[in-house]
Amino acid sequence: MKIAVEGCMHGDLDNVYKTLQYLETLNNIKIDLLICCGDFQSVRNENDLESLNVPPKYRSLNSFWKYYSGQEIAPYPTIFIGGNHEASNYLWELYYGGWAAPNIYFLGFSGVVKFGNVRIGGLSGIYNNRNYYSGHFERPPYNESTIRSIYHVREYDVHKLMQVQEPIDIFLSHDWPLGITDCGDWKQLVRFKPYFEKEIQERTLGSKPAAELLEKLKPPYWFSAHLHCKFAARVRHGEGGPVTNFLALDKCLPGRKFLQIIEIESEAGPHEIQYDEEWLAITRRFNSIFPQTRQRMNFRNLHLHMEECRQWVKTRLLERGAKPFEFARTVPCYDPSRTVSSSSPRGYTRNPQTESFLQFLDLPYLLDNMSESLEVSKTPDSLIHRGSVDDNNENIPIDDVDEDEDELEEDGK
């Protein structure tokens, strides 16, 4: 199986797909799957731009709307995670994962799917200690604060991934695992990105939760983006242990290293994206403690028994099959011929895919609930630690430096 890996998409689907088609012709190969490591920017219409946290000059519809509307169809099955520059209102509709457009699948805020017999896991967003221990308290429409915090990784989503026991073949994160530069040529990196040296020396470049997941899951491949450069590393897990091949890629621009094609052993095709049994069981078991509050929470010592839930999920999959629920549009498509926007009112829409997914797992719909004082439902207080958030107990890693960096590059500085 040949898998194309792309760094930051920034809504430029047309050029990425054209590049892949060119590479297929040039090298006489067939690409089976495209995976994208965040900043996908699935902007459907003008209203989605208001939930896209980017400087005004970058606030553009780009080309995703064509694929959402059906004007274009993705020529390759595409799987992506979220970054820190996303149409966050749309990704929130698909919190558990789902089709963002035909043949384009969002992995969710955290998630695992299968493509053929290849297991692909991912964690959306970037790490920021200020919000890591909070629940998912943000709801669209976002204000100046929540438009930034919505894409900050939460411990709840990381803890779910930490429950995965079966091997993961490929893992995706937007920001890099903390300390990954120790395992590659960091001196060469800082020759091209000199302002990274301070963070590398102070060990603040990257995501601490991603580093913990790397140590726990030990996947053969780990791909990231965010810092707009190519960087490779090899992580050996203990003496004689397995090796993780890490690769970060750039964004789609001429002359930039934004694509890599890997070959991985797999069953004979055709291949399609399917739900993963173990991940469905984890999702079902942990949904009862889905956090919806700003309060600090700690799930590290929380372990819920999985055996009965796993068997329940297995039975449901045998009855229905593992194919994800069908794509459904929830807002009007962008129409470039109209001078006046035909977009829907700003706010939140329930996505039929998510409703069907939760009904399949016999779970309540919680994504439009919001209360500052809401306690986690069905959860004994003894299982979850709550306290105040200390904004200063860890250094805050790079957040939106990528766009500032590009402004410097454009100015020739």
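The protein chain has 13 helices and 13 strands; helices (H or I, at least four residues) and strands (E, at least two) are DSSP runs, numbered from the N terminus. The model is a predicted one, in which local features need pLDDT of at least 70 and side-chain atom pairs count only at pLDDT 80 or more, while totals for chains, interfaces and linings use all residues. Residues are numbered from 1 along each chain as its sequence is written, and side-chain values use heavy atoms, with hydrogens and water left out.

**The chain as a whole**

- Of the 413 residues of the protein chain, 57% count as buried. Buried means under 20% relative accessible area, exposed means over 50%, and partly exposed lies in between (1.4 Å probe, protein chains only).
- The accessible surface of the protein chain is about 17600 Å², and 48% of this belongs to carbon and sulfur atoms. Such areas come from the Shrake-Rupley method with a 1.4 Å probe; for residues, only the protein chains shown count as cover.
- Among contacts in the protein chain between residues at least 6 apart in sequence, 78% join residues at least 24 apart. A contact means heavy atoms within 4.5 Å.

**The six-stranded sheet**

- Six strands make up an open sheet with mixed pairing, in the order β4-β5-β3-β2-β1-β12. Two strands pair if DSSP finds at least two bridges between them.
- At the edges are β4 (98–101) and β12 (259–263), each of which pairs on one side only.
- On average, neighbouring strands of this sheet are turned by 30° against each other, direction ignored. Axes are lines fitted to C-alpha atoms, for helices over the stretch in contact, and angles run from 0 to 180 degrees between N-to-C directions.
- β4 and β5 (residues 104–106) run antiparallel and are joined by three bridges. A101 has I104 in β5 as its bridge partner.
- Helix α1 (residues 13–27) lies across β1 (2–6), β2 (33–36), β3 (78–80), β5 and β12, and runs at about 50° to β12.

**The seven-stranded sheet**

- A further open sheet, also of mixed pairing, consists of seven strands in the order β10-β11-β9-β8-β7-β6-β13.
- Because β10 (231–236) and β13 (273–275) stand at the edges with a single partner strand each, one side of each is left without a neighbour in the sheet.
- Neighbouring strands here are turned by 25° against each other on average, direction ignored.
- Strands β8 (residues 170–173) and β9 (residues 221–224) run parallel and are joined by three bridges. The bridge partner of I170 in β9 is Y221.

**Helix α6 and its surroundings**

- Helix α6 (residues 155–162) packs against α9 at an angle of about 10°, with the two axes 10 Å apart. This makes α6 roughly parallel to α9, a description given to angles under 35 degrees, whereas those over 145 count as roughly antiparallel, 65 to 115 as roughly perpendicular and the rest as oblique.
- V158, L161 and M162 in α6 meet P209, E212, L213, K216 and L217 in α9.
- The residues of this contact comprise six nonpolar, no polar and two charged. Ala, Val, Leu, Ile, Met, Phe, Trp, Tyr, Cys and Pro count as nonpolar, Asp, Glu, Lys and Arg as charged, and the others, Gly among them, as polar.
- Seven of the eight residues of α6 are buried: E155, Y156, D157, V158, H159, K160 and L161.
- The cover over the buried residues of α6 includes β6 (110–115), β7 (118–123), α4, β8, α9 and α10 (277–286).

**Residues in loops**

- The peptide bond from P140 to P141 is cis, with omega near 0°. P141 lies in the loop between α4 (129–132) and α5 (146–149).
- N62, located in the loop between β2 and α2 (64–69), has a positive phi of about 50° although it is not a glycine. With a relative accessible area of 32%, N62 is partly exposed.
- K218, in the loop between α9 (208–217) and β9, has a phi near 50°, a positive value in a residue other than glycine. K218 counts as partly exposed at 30% relative accessibility.
- Y365 is placed in the loop between α12 (352–360) and α13 (401–410), and counts as buried at 11% relative accessibility.
- Not counting residues up to four places away in sequence, Y365 touches Y348, R350, N351, T354, E355 and L358. Y365 and T354 are 11 residues apart in sequence and 8.4 Å apart in space, C-alpha to C-alpha.
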